[in-house]
Each structure stands twice: as C-alpha cells, then as structure tokens.
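Dear colleague,

I am passing on the structure we spoke about, followed by some notes on what turned up in it. Please read them with the model open beside you.

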Amino acid sequence: MSRRARLLVFLLGGGVLAIAFVIGVVDMPGFGGDEHPYRDLAVPSAVAHGTANVVAAVNFDQRAIDTFGEETILIASTLGAVALLRPSREETVRRPPDLGHTLESTRLIGYVLMPLTLVLGADVVAHGGITPGGGFQGGVVLATGLHLLYVTGSYPALDRLRPLLPFRTAEALGAAAFGVVGALALIGTGSFLANALPYGSFGQIFSTGTVQVLNLVVGIEVFGSMVVLLAAFFEQEISVRKQDA
Amino acid sequence: MTVLLALCLVLPAIAATAVAVTHDPERQAVTLATSGMLLCLLFLVLQAPDVALSELGIGTAIVPLMVMLTIRTIEKDRKTRRTDEDGDDS
C-alpha cells in the first residue's frame with residue numbers, strides 16, 4: 001500500500017473514531033462530579049454481602065459472569081500463544097547455555113526481592129475481597145516474583161524451580177474451579193455464580209462469601225497462566241536452536 | 001490535589017507519545033514500561049488501587065518482558081541466518 005493510500009485509510013478510520021468518541025463523551029457526567037448512579041447501587045450491594053473491597057464485589061459477585069468470561073479469554077489466549085511458540089519440527093531444545101555475567105548488586109536485589117514478592121503476591125490474593133488487589137493482580141505479582149530469578153542471571157535455577165506440569169495443571173484447574181463454584185451455586189440457589197456462602201463479618205479474611213473463593217481460584221489460574229506463557233517466550237529465547245542442516 | 005491530578009493526566013500522555021515516536025523496538029520496551037508506571041500513578045491518584053496494581057504488574061513487568069524476549073529471539077534468528085548464508089558462500 002502506498003503512503004497516500006495508508007494515510008487515506010488512517011484518516012477515514014481515525015475520523016469515524018473521533019466522531020464516535022465525541023458523541024460518546026459529550027453526554028457523560030462531568031469529571032469528578034458527585035453524581036454516581038453506579039456507585040449508589042454497587043456499594044450497598046457489596047456491603048450487604050460483607051465485601052469490604054467493592055471492586056472485588058463488582059468483579060466476583062455482582063458481575064461474576066463477566067469475570068468468568070474474562071478468565072476463559074485469558075486461558076484461551078495463553079493456549080494460543082503457547083501453541084504458536086512451541087518448538088517447530090526444524091528446531092531443537094537444548095540445555096540453556098550460561099547467561100554470562102550479571103552484576104553482583106542485581107543478583108543480590110533479585111535474591112532478596114524474590115521471596116518478598118512471592119509473599120506479597122500470596123497476600124494480595126488472600127485479601128482480595130477485603131483490600132485492593134485480588135486473584136488477578138496477586139497472580140501476576142506471584143509470576144513476576146518467580147521470574148526475578150531470571151534477573152539474577154540464573155535461568156537454569158528458574159527452569160528447575162518451575163516444572164511446567166504443575167503450573168499447567170494449576171491454570172486448568174483454576175479456570176475449571178471457577179465454573180464449578182458457579183455450578184454449585186446454581187444447584188444450591190438456582191442462579192449461576194450466586195453468592196451462596198455465609199457472608200461472615202465485614203472486613204475479616206473469612207468474609208465476603210464466594211468472593212474470596214473465586215479470588216483464590218483466579219489467583220491460581222492467573223499464576224499458572226502467566227508462568228506457562230512466559231515459559232514459552234523464555235524457551236524460544238534461550239533454549240531453542242535451529243537444527244543444523 | 002488539582003495540580004497533582006493535572007500532572008498525573010499530562011505525564012502519561014507525554015510518555016505514551018514517547019512510546020509512539022520511539023523507533024527502536026528495544027528502546028520502546030523501556031518507554032512502554034515507563035508509560036505504564038505513570039499510568040499506574042494516575043489510577044492511584046484517581047483512587048483506583050485495584051486497576052493500578054493490574055497496570056503495574058502487566059504494563060510495567062510482564063508486557064515489556066515479553067517484548068524484550070521477542071526482540072532477542074528475532075535478533076538471534078537473524079544472526080543464525082546470517083552465519084548460515086556466510087557458510088554457504090565460503
């Protein structure tokens with residue numbers, strides 16, 4: 001496509017987007033205003049179900065089916081990426097070579113921060129229903145913490161520390177457990193993903209009914225997904241070589 | 001508060017423009033991480049810590065890491081291709 005044609009396509013698409021954006025934004029309430037109809041409905045419902053983190057209540061209670069869809073998207077896209085990145089027939093997987101020199105200070109920071117990050121991630125997952133964070137964020141923090149081992153320059157250690165089978169299993173089980181919790185609620189109360197457990201006392205770790213349970217299974221799934229996804233990228237970068245002809 | 005908010009709105013916009021005008025993909029991974037960090041600050045100032053945490057994890061850690069790994073894989077592939085061609089010539 002010539003430069004002019006590309007510009008024309010861009011102006012066409014950009015123009016339509018700009019018009020749609022202006023139409024969409026012009027009727028919105030002002031920035032930082034006091035009128036929040038959504039908040040007025042969401043906050044009382046969250047409090048009624050003993051959930052201190054209203055965002056978690058929206059994600060895992062009021063609109064849990066949306067989150068179920070998102071989890072399915074996550075697992076499907078991870079699956080697609082891993083299928084795409086698997087070593088092809090003309091490639092061989094070799095033992096990862098030595099990565100060379102890493103600064104001592106970088107290694108130290110990596111080794112110190114790894115356990116701290118893992119604990120923080122577990123904390124973010126466990127308190128998802130009552131403080132900011134939750135299964136998704138905590139799962140990502142856990143995966144990031146594990147990959148700090150790569151920053152320390154010890155990819156072989158990372159390779160040993162994360163045998164992929166448990167993470168693949170965790171990913172699948174986490175995603176399935178979300179559906180199972182939903183189905184159990186369907187059997188118990190007659191509606192899918194209804195918050196059917198006791199709500200407990202507001203602000204305690206064992207409160208919020210199913211919100212904490214769903215947070216936990218999402219945390220397991222996201223941790224597994226991220227590790228499996230990054231492992232595919234690492235494998236392509238470090239241990240896969242084109243076979244000698 | 002207004003000044004802080006204005007700053008937090010303007011800085012991600014500048015950083016995002018910087019990502020768009022960075023030509024070298026390897027440097028783009030760094031500017032992308034910076035822009036994600038500033039966006040995370042904006043979410044924090046707007047009192048959305050949940051979103052800020054997600055942005056911090058995905059935008060400043062996982063995505064730049066995947067970009068860097070992809071760039072290195074492509075470079076490695078190019079290098080082996082080049083040595084293969086050299087081998088054929090000799």
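The expected span of a helix is taken as 1.5 Å times one less than its number of residues. With that in mind, and remembering that this is a predicted model, consider helix H4 (residues 64–85) of chain A, whose 22 residues reach 32 Å from first C-alpha to last, close to the 32 Å expected.

The buried residues of H4(A) are Ala64(A), Thr67(A), Phe68(A), Glu71(A), Leu74(A), Ile75(A) and Thr78(A). Seen down the axis of H4(A), these buried residues fall within an arc of 120 degrees, so they line one face of the helix. Their cover includes helices H3 (54–62), H9 (164–189) and H10 of chain A, while the face of H4(A) turned away from the buried side carries exposed residues, among them Ile65(A), Ile73(A) and Leu84(A).

As for chain A as a whole, it has ten helices and two strands, and its elements run α-α-α-α-β-α-α-α-α-α-α-β from the N terminus. The radius of gyration of chain A is 23 Å, well over the 18 Å that the globule rule gives for 245 residues, so the chain is more spread out than a compact globule. Buried residues make up 35% of the 245 residues in chain A.

Finally, the contact between the chains takes 16 residues from chain A and 15 residues from chain B. On the side of chain A that touches chain B, helix H6 (135–146) and helix H10 (210–239) are the elements that give two or more residues, and H10(A) gives the most, with six. The residues of that side divide into nine nonpolar, five polar and two charged.

Best regards

Definitions and conventions
Residues are numbered from 1 along each chain as its sequence is written. Chains are lettered from A and ligands numbered from 1 in the order in which they are written. This is a predicted model: local features need pLDDT of at least 70, side-chain atom pairs count only at pLDDT 80 or more; totals for chains, interfaces and linings use all residues. Two residues are in contact if their C-beta atoms, placed from the backbone, lie within 7 Å. Helices (H or I, at least four residues) and strands (E, at least two) are DSSP runs, numbered from the N terminus. Ala, Val, Leu, Ile, Met, Phe, Trp, Tyr, Cys and Pro count as nonpolar, Asp, Glu, Lys and Arg as charged, and the others, Gly among them, as polar. A residue is buried if 20 or more other C-beta atoms lie within 10 Å of its own, exposed if 12 or fewer, and partly exposed in between; C-beta atoms are placed from the backbone. The arc is that of the directions from the helix axis to the C-beta atoms. The radius of gyration is taken over C-alpha atoms; the globule rule is 2.2 Å times the number of residues to the power 0.38.
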